[in-house]
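Hi,

Here's the structure I promised to pass on. Have a look at it first, and then read my notes below.

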Amino acid sequence: MSDMQYFPRAALAGLIEAIRDAGYRVIGPREETGQGGLVYREIDGVEDLPQGLHDRQEPGRYRLEKTGSPRYFAWVNTASAIKSFVYAPREKLWRAVRKEGRMHFEAVERDAGKTAILGVRACDLAALDLQDAHFLRGKFVDPYYQARREKLLLVAVNCSHAAATCFCASTGDGPEVVGGYDILLDELEDGYLLRVGSTRGAVIVADLPLEPASTAQREAAWAQLQQARGQQRALPAAPDLARLGEHLESARWTRIADRCLSCGNCTAVCPTCFCHREFEVPALDGKSTEHWRDADSCFNEDHSYIVGEVVRHGTRERYRQWMTHKLFNWVPQYGRIGCTGCGRCTTWCPAGIDFVAEANIILGQAEAPEIDIPRVDGSEAAQ
């Protein structure tokens, strides 16, 4: 931690300005009243950041509370992850045109603008690494993802506390950011500790009013991280998760299905999900067609449509597929589970289904509640 430097809160505006001067559009957390939460959107300056806001998250519930704090990052995570800035939820892949009796395929321009994201958490950086493994480090590289990823600048912020739905410590992905960033901040009451993780980051912070971090400041930042770690719940350990395959006929899957709406909220907010579908948009004159890719969910019935048959007919099979794929079937593919402990799937489930609790119950490491009460009346739904 000897490379830690400090700058006062008032200089945060200068950091944002320096990023913009380097040619980046700046994305940061913004309060979106229609969504009732924080989302990543383009910002002009510090005035757009959620100063003095704290998030309270529980199964099926997300609320923002005003605290009067001067902090801009006193929240756990945003409703939206950062994956949409590298893996577009909808995009055109190519175009086919009929010319002179033959079909000609035309590539889509893949030029991406420089994008900086401010406030990235450890769980989302870990998820981005999993996305990189899928789209960049396999046999086939996705050029659309690659074009955006190469122009992405990441300004991470360490967590100062955890929500009731957080469990990144048990997946090994947080709450401390350990890599994958260009600039890393720890927010304190009067300013920020700063570390640089890349040459690009070093250039951007070169003119900030930096000074060596004091021992007291370092200790305060470490205490925040330890607080965030201690406030978390725990997912079963990886060797135990590997036993989920022994519980595919557990009656608990049916109890989950009785509550699950198959709405796909969990997969939409999950920072690692990348399922998609592809479709054609033909021109009315029959002379051309566009080939598109849309984000999809394994909770949709047609997602498991194979050779004229739907393989996973009901919600029971779909939830089971999603959880088991995340928690042990990813391991042979990517060397780790497909969950980074952000807790969004639990927070934004309108039925309040608790992902961590259900995994523990299925594996026999926790007792099931006597009554499962679906929370679908709207009064307690995430909003």
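At roughly what angle do the axes of H8 and H10 cross? They cross at roughly 110° and come within 8 Å (axes are lines fitted to C-alpha atoms, for helices over the stretch in contact, and angles run from 0 to 180 degrees between N-to-C directions). H8 and H10 are therefore roughly perpendicular to each other, the word used for 65 to 115 degrees.

Before going on, note that this is a predicted model: local features need pLDDT of at least 70, side-chain atom pairs count only at pLDDT 80 or more, and totals for chains, interfaces and linings use all residues. Residues are numbered from 1 along each chain as its sequence is written, and side-chain values use heavy atoms, leaving out hydrogens and water.

Back to the helices (DSSP runs of H or I, at least four residues, numbered from the N terminus). On the H8 side, Trp253, Thr254, Ile256 and Ala257 meet Thr315, Arg316, Tyr319, Arg320, Met323 and Thr324 in H10, where contact means heavy atoms within 4.5 Å. Those residues split into 5 nonpolar, 3 polar and 2 charged (Ala, Val, Leu, Ile, Met, Phe, Trp, Tyr, Cys and Pro count as nonpolar, Asp, Glu, Lys and Arg as charged, the others, Gly among them, as polar).

H10 (residues 315-329) has 11 of its 15 residues buried, so it is largely enclosed by the rest of the structure; buried means under 20% relative accessible area, with a 1.4 Å probe and protein chains only. Among the buried ones are Trp322, Leu327 and Phe328. The helices they pack against include H7 (238-241) and H13 (355-362).

Cheers

Definitions and conventions
Buried means under 20% relative accessible area, exposed over 50%, partly exposed in between (1.4 Å probe, protein chains only). Helices (H or I, at least four residues) and strands (E, at least two) are DSSP runs, numbered from the N terminus. Angles under 35 degrees count as roughly parallel, over 145 as roughly antiparallel, 65 to 115 as roughly perpendicular and the rest as oblique.
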